[in-house]
Amino acid sequence: MKHFFKGIDHIQIAAPPGSEEKARAFYGKLLGMQEIEKPENLKARGGCWFQCGAQEVHIGIQPNFVPAKKAHPGFTVDNLTVLKRQLEDASCPISEEPPIAGRSRFFTHDPFGNRIEFLEYV
């Protein structure tokens, strides 16, 4: 059987219970993603959703939360240098990794300790 993948609809990033406001501050205000309304039948689970280009980022509440230290989303951006400065000004930790041909990149962590990568194609 063949599968015909069309793309990625969303990614889900786990967060601890009661962290929706921190998620809104980081993903919404700091990174500039627009919050979108969760479907009514999923609102009771907590968390929040954001638009990220043609895809969505779902912040899902996870009891017994443990941050993702290796697994991570890689967000493509314009003006990587400006974003890096913005994150540094907000006291977000920045780490560099070996370069990848044709891409500039760096990593940070969200307020919950999840690893996040930002890339710009050059």
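This is a predicted model: local features need pLDDT of at least 70, side-chain atom pairs count only at pLDDT 80 or more; totals for chains, interfaces and linings use all residues.
Residues are numbered from 1 along each chain as its sequence is written, and side-chain values use heavy atoms, with hydrogens and water left out.

What lies around Lys38? The backbone oxygen of Gly46 is 2.5 Å from a polar atom of the Lys38 side chain. For the backbone oxygen of Leu42, that distance is 3.2 Å. Leaving aside residues up to four places away in sequence, Lys38 touches Lys43, Arg45, Gly46, Gly47, Cys48 and Trp49. Contact means heavy atoms within 4.5 Å. Lys38 sits in the loop between strand 2 (34-36) and strand 3 (48-52).

Now the whole protein. There are two helices and seven strands. These are DSSP runs, numbered from the N terminus: helices are H or I with at least four residues, strands are E with at least two. From the N terminus the order is β-α-β-β-β-β-α-β-β. Of the 122 residues, 36% are buried. Among contacts with a separation of 6 or more, 54% join residues 24 or more positions apart.

Helix 1 covers residues 20-30. Its buried residues are Glu20, Ala23, Phe26, Tyr27, Gly28 and Leu30. An α-helix has 3.6 residues a turn, so residues three or four places apart point the same way. The cover over the buried residues of helix 1 includes strand 1 (10-15), strand 4 (55-61) and helix 2 (80-89). Strand 3, strand 6 and strand 7 also contribute. Gly32 follows helix 1, with a positive phi near 85°.

The chain's last two strands form a hairpin. Strand 6 (residues 103-109) pairs with strand 7 (residues 115-121) in the antiparallel sense, over seven bridges. Two strands pair if DSSP finds at least two bridges between them. Ser104 has Glu120 as its bridge partner in strand 7. Five residues separate the strands, and Gly113 in the turn has a positive phi of about 95°.

Conventions: A polar contact is a pair of N or O atoms within 3.5 Å; within protein, one must be able to donate a hydrogen and the other to accept it, and residues adjacent in sequence count only if both atoms are side-chain atoms. Buried means under 20% relative accessible area, exposed over 50%, partly exposed in between (1.4 Å probe, protein chains only).
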